[in-house]
Amino acid sequence: MPLVNQSAEPDCWKALPSWGPEPAAPPGLTWQGLMRRALRLARAGARVGEIPVGALVVGPEGEILSEAHNETEALHDPTAHAEVLALRRAAAKIGNHRLGGCVLVVTLEPCLMCTGAIRESRVSGVVFGASDARAGAVCSCLEGLDYAQTGAQPWSYGGVEAAPCADILREFFKVRR
Ligand SMILES: [Zn+2]
């Protein structure tokens with residue numbers, strides 16, 4: 001395993017095209033529309049000084065169960081990534097820690113911690129926007145969703161609205177430098 005550069009390189013967020021068959025979106029919705037909603041969450045995070053990553057959990061009938069942006073700064077919590085917060089809120093909302101049939105939509109490829117949380121949640125799938133060459137753990141640096149385990153592993157589909165998802169991060173760090 002090569003050592004990973006820990007600095008936020010301006011080119012680590014990639015607007016890669018999606019690949020493979022597009023999974024069916026919940027009725028009446030598109031992944032692109034859901035990603036634009038997650039992007040609005042990311043922008044709201046940026047406005048309060050959080051790294052702009054947005055996430056939501058959508059249920060099988062298209063109901064939005066939760067929404068979140070990163071809150072590591074506000075909560076002084078290194079685990080408060082948008083994905084973790086969205087999964088927690090969705091589970092609390094339905095009163096069940098298992099989110100089978102639901103899909104996590106997130107603007108950036110999840111990290112290793114979040115792929116672990118995604119697996120624990122039993123969501124059916126993950127849709128993400130930009131890829132993360134520095135810490136992405138779905139396909140870029142690791143394949144954190146794919147290790148052997150009994151039961152179904154969540155599917156993943158990346159590259160949805162990837163350019164604006166990468167741009168918002170690049171812009172955020174450019175301003176901060
Ligand atoms: Zn994460």
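Helices (H or I, at least four residues) and strands (E, at least two) are DSSP runs, numbered from the N terminus. The model is predicted: local features need pLDDT of at least 70, side-chain atom pairs count only at pLDDT 80 or more, and totals for chains, interfaces and linings use all residues. Residues are numbered from 1 along each chain as its sequence is written.

Q: How many helices and strands are in the chain?
A: Along the sequence, the elements follow the pattern β-α-β-β-α-α-β-α-β-β-α. The chain therefore holds five helices and six strands.

Q: What is the radius of gyration of the chain?
A: This quantity is taken over C-alpha atoms, and the globule rule is 2.2 Å times the number of residues to the power 0.38. For 177 residues the rule gives 16 Å, and the chain is close to that, so it is as compact as a globular protein of that length. The radius of gyration of the chain is 15 Å.

Q: Are H1 and H5 roughly parallel or roughly antiparallel to each other?
A: Axes are lines fitted to C-alpha atoms, for helices over the stretch in contact, and angles run from 0 to 180 degrees between N-to-C directions. Helix H1 (residues 31–47) and helix H5 (residues 162–176) pack at about 5 degrees, with their axes 10 Å apart. Angles under 35 degrees count as roughly parallel, over 145 as roughly antiparallel, 65 to 115 as roughly perpendicular and the rest as oblique. H1 and H5 are therefore roughly parallel.

Q: Is Ala-92 buried or exposed?
A: A residue is buried if 20 or more other C-beta atoms, placed from the backbone, lie within 10 Å of its own, exposed if 12 or fewer, and partly exposed in between. Ala-92 belongs to helix H3 (residues 82–94). Because 12 other C-beta atoms lie within 10 Å, Ala-92 is exposed.

Q: Which residues does Lys-93 touch, not counting residues up to four places away in sequence?
A: Lys-93 lies in helix H3. With 15 other C-beta atoms within 10 Å, Lys-93 is partly exposed. The residues touched by Lys-93 are Leu-65 and Ser-66.

Q: How many C-beta neighbours does Cys-139 have inside 10 Å?
A: Cys-139 sits in the loop between strand S5 (125–132) and strand S6 (155–157). Cys-139 counts as partly exposed because its C-beta neighbours inside 10 Å number 18.

Note on methods. Contact = placed C-beta atoms within 7 Å.
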